[in-house]
Amino acid sequence: MGQHNYQGALQQPIGSGFNAKSTTSEVIKGIDLTGKIAIVTGGNSGIGLETVKTLSKAGATVIVPARDIEKAKRNLDGIINVEIEEMDLMHPDSIDAFAENFLASGRPLHLLINNAGIMWVPLRRDNRGYESQLATNYLALFQLTARLWSALKKADGARVVNVSSGGHQFSDFDFEDPNFLYREYETLEGYGQSKTAVNLFSLELDTKAKAHNVRSYSLCPGAVGETELSREAPMDLFYKLGYTDADGIILPEVASSLKTIPQGAATTVWAATSPMLNNIGGVYCENADVALLSTDVSLIGGIKPYSLDEANAKRLWKLSEEMTGVTFNF
């Protein structure tokens with residue numbers, strides 16, 4: 001129980017046998033989730049939808065909280081063992097209402113998959129004045145997990161799986177100005193900060209929760225085609241980043257490097273279900289294995305050391321409690 005992943009102490013591949021091409025159907029093979037309860041945020045589109053399909057097919061009951069109920073009903077039509085509930089991650093009261101509704105059912109929660117997120121958005125703030133990517137990608141995740149803590153503990157073997165991103169390398173967490181009140185807003189910097197926060201939270205949550213048989217993981221799905229994540233991005237941004245030509249056509253070498261949705265969701269499903277992770281937590285995963293600790297800032301892939309820093313993880317936890325007004329009842 002003394003193991004932890006501070007400073008990346010456990011951050012190395014464990015020989016899962018999978019890779020970047022592995023799909024959800026491959027990583028779930030032989031795993032029976034009958035009787036398990038899962039919640040998947042952002043579960044009505046993209047890799048979240050694929051995650052829901054895979055867990056459902058393996059026997060789990062999957063609750064999908066959604067802002068747009070009608071869209072969720074359309075996209076989830078025909079998938080067995082699915083329940084749709086209302087929740088908007090930009091509204092703290094909505095998160096509380098969803099959690100209270102689930103707790104009222106008296107059910108344990110075996111898998112909490114915090115998949116929903118936004119990217120490439122202009123500067124927006126929620127009704128507390130918090131920058132939208134930080135609010136949606138991280139603070140909502142912190143609040144939802146805290147509110148559902150008693151159900152996670154009741155499962156006696158739960159996992160919290162937080163979808164992060166290789167984009168965490170865009171920015172460390174800025175404790176002096178997390179909401180861009182004094183510095184110029186840059187959308188990728190805001191995104192990177194929010195995903196670094198996800199990694200730090202996953203690290204600290206595992207340390208605090210493992211005594212209650214709850215483990216926590218963060219992960220990078222990889223660059224995935226055909227998701228809604230870039231729906232607000234201006235086209236010239238992709239050109240500047242070298243992803244498209246001047247006409248907005250994706251470059252062939254970029255297109256060939258993108259994962260399919262079943263490949264992109266594979267790491268989420270692996271982190272949620274693999275027996276290889278029964279005795280390890282607080283790690284960042286990619287390509288359906290534990291990722292490498294990456295100290296070379298010029299390389300894409302792996303996790304940057306600042307995303308696993310013990311002092312920052314503890315500092316962020318305290319700040320998150322202050323910003324949300326929510327605490328875990330450990």
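## Around Ser-22

A polar atom in the side chain of Ser-22 sits 2.9 Å from the backbone nitrogen of Asn-19. Ser-22 itself is in the segment before helix 1 (24–27), where helices are DSSP runs of H or I with at least four residues, numbered from the N terminus. Ser-22 is buried, at 4% relative accessible area (buried means under 20%, exposed over 50%, partly exposed in between, with a 1.4 Å probe and protein chains only). Leaving aside residues up to four places away in sequence, Ser-22 touches Val-27, Pro-262, Gln-263 and Ala-266; contact means heavy atoms within 4.5 Å.

## About the model

This is a predicted model, so local features need pLDDT of at least 70 and side-chain atom pairs 80 or more, while totals for chains, interfaces and linings use all residues. Residues are numbered from 1 along each chain as its sequence is written, and side-chain values use heavy atoms, with hydrogens and water left out.

## Helices 5 and 7

Helix 5 (residues 132–147) packs against helix 7 (residues 187–209) at about 20°, with the axes 7 Å apart. Axes here are lines fitted to C-alpha atoms over the stretch in contact, and angles run from 0 to 180 degrees between N-to-C directions. The two helices are therefore roughly parallel, a label for angles under 35 degrees.

## Two Asn residues with positive phi

Asn-213, in the loop between helix 7 and strand 6 (214–220), has phi near 65°. For Asn-287, phi is near 50°. Asn-213 is partly exposed at 36%, and Asn-287 is partly exposed at 28%.

How values were computed. Parallel < 35°, antiparallel > 145°, perpendicular 65-115°, else oblique. Polar contact = N/O pair within 3.5 Å; in protein donor to acceptor, adjacent residues only side chain to side chain.
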